[in-house]
Amino acid sequence: MMACGSRSNEMVDEFEKLVIRMNPPRVTVDNASDMTATLVKVDSANKYGTLLEVVQVLTDLKLTIKRAYISSDGEWFMDVFHVVDQDGNKLYDGQVIDRIEQSLGAGSLSFRGTDRCVGVEAEAEEAQTVIELVGRDRPGLLSEVFAVLTNLRCNIAASEVWTHDGRMAALVYVTDADTGGGIDDQDRLDRVKRLLRHVLRGSSRDKKSARAAISARASAAPHAQRRLHQMMRADDGNGEDGGGRSLPVVVEVEDCAERGYTLVNVRCRDRPKLLFDTVCTLTDMQYVVFHGTVIAEGSEAYQEFYIRHLDDGAAASDEDRERLRRGLEAAIQRRSTEGLGLELCCEDRVGLLSDVTRIFREHGLSVTHAEVETRGERAANVFYVTTSSGMPVQAQAVEAVRAEIGDEILFVREDAAAPKSPPGRDGGGGRSLGNMIRSRSEKFLFNLGLIRSCS
């Protein structure tokens, strides 16, 4: 068997690059065809992982995908995405449109691996030190982590934190608080790692329950969303949901033998990054999406994919289909957001996050999810919080926290209202909605001559 870096593999890779150069990607950003969304159309030579690359770019730019039509039969990839910005509006920001065209256009798409950074993160010019944390969650853990970093003169430039089923996974991007650059002193990095592991272990002292990794990276850092996805999936062990808090999900995996596909239907409450998580899971499990339809309008999302395994074609056995179903359910469950959303917008400073999360802890709040950004000199942070026992936060506690932090800089997010639960697996209105969308999807693909009915 040849090694991964063999001359044969290098020749295959060079041939793929030649095909792409002969057929450069065509990207169109269309604001005229739809009254409520901007259409992003991508035509390119097809390559394993291309769909994930496109979704990564749109996710990095914090765009919401309301609809998507996917087709990649043969050697060509043709996708249409209906997207809106964070406020639900069409895209009129010239910088965002330019970023889409640059990230998906000729000379960019399919020349990088799917573990490379794209979109906004690729524009970072200063080196940052990336800290990966995985451990057992507990009330006040995030506050302790940020306090350690502040005491070690580490400024937190960006971070994303998720908790699920009693576990926590985080990516934290830090710079030296004194120089503003990355931290390259190995003794200092070793001390940061040692102290963070001590915090993650807590009183349990269970060495297997905590993991901290540190690396110095600049603009070519691995894509944050995919890295978090992989960290959380690896921490699950068997990749199945652990039975903690859960987002109601219906995943159906069916054999479509007539065309050699496996048909996947996903129906659940919509949430940010949902399409990224499902496509990333399919890619990591080595499935290729040949056709698909995504509709996420209102509170419910519906996704349908016609897939084949990279090596063996359709998921051949019941065991394969069940493994795929469980993998998709777990991926959706892991990043379900629970709690009240609080948004912090203020001037950034060293120690800001340590102070804010300490106040949360002192008022009995626990952070279930956090997204931390620095835009110039301003901090733009979002926290989802519950009580330390996982219950909804009372209004008095929210007002007390806002009074201490500053009610002019800490706001309750408008999306904090509890969403409606989607229908169950059996019957109900959701089944008729799913059938309606599936019918529209199959009609769309049938009219293109790409599939025959699998019903």
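Figure 1. The structure shown is a predicted model. Between the rings of Phe-360 and Phe-383 the centres are 5.3 Å apart and the planes stand at 80 degrees, so the arrangement is edge-to-face.

Figure 2. The largest nonpolar core comprises 47 residues, of which Leu-133, Leu-149 and Phe-360 touch the most other members. The greatest contribution to this core comes from helix H4 (residues 141-151), which supplies six residues. Another core, of 45 residues, lies apart from it and has Val-29, Ile-70, Met-285 and Phe-305 among its members.

**Figure 3. The aromatic pair Tyr-261 and Phe-290 and its surroundings.** Aromatic pairs number three in the structure. In the pair formed by Tyr-261 and Phe-290, the distance from centre to centre is 5.9 Å and the angle between the planes is 50 degrees, a tilted arrangement. Because Tyr-261 lies in strand E10 (residues 261-269) and Phe-290 in strand E11 (residues 287-295), the pair ties together parts that are 29 residues apart in sequence. Tyr-261 has a relative accessible area of 0% and is buried; Phe-290 is also buried, with a value of 14%. Ring pairs join Tyr-261 and Phe-290 with Tyr-306 in a cluster. Over the face of Phe-290 lies Arg-308, at 4.8 Å from the ring centre.

**Figure 4. Thr-283 in helix H7.** Thr-283 is located in helix H7, which spans residues 274-284. Its relative accessibility is 9%, so Thr-283 counts as buried, the cut-off for that class being under 20%. From this position, the side chain of Thr-283 reaches the backbone oxygen of Val-279, at a distance of 2.9 Å.

Figure 5. Ser-366 is found in strand E14 (residues 365-375). With a relative accessible area of 9%, Ser-366 is buried. When neighbours within four places in sequence are set aside, the residues in contact with Ser-366 are Pro-139, Tyr-384, Val-385, Thr-386, Thr-387 and Ser-388.

**Figure 6. Cysteine residues in a structure with zero disulfides.** The number of disulfides in the structure is zero. Cys-345 takes part in no disulfide, and the nearest cysteine sulfur, belonging to Cys-346, is 7.7 Å away; the cut-off for a disulfide is a pair of sulfur atoms within 2.5 Å. Cys-345 is partly exposed, having a relative accessible area of 27%. Cys-280, by contrast, is buried, with a relative accessible area of 0%.

Key: Residues numbered from 1 in each chain as written. Predicted model: local features only at pLDDT ≥ 70, side-chain atom pairs only at ≥ 80, totals over all residues. Heavy atoms only, no water. Helix = DSSP H or I, 4+ residues; strand = E, 2+ residues; numbered from the N terminus. Buried < 20%, exposed > 50% of the residue type's maximum accessible area, 1.4 Å probe, protein only. Polar contact = N/O pair within 3.5 Å; in protein donor to acceptor, adjacent residues only side chain to side chain. Contact = heavy atoms within 4.5 Å. Core = buried A, V, L, I, M, F, W, Y, C linked by side-chain atoms within 4.5 Å. Phe/Tyr/Trp six-rings, centres within 6.5 Å; stacked < 30°, edge-to-face > 60°. Lys NZ or Arg CZ within 6 Å of the ring centre and 35° of its normal.
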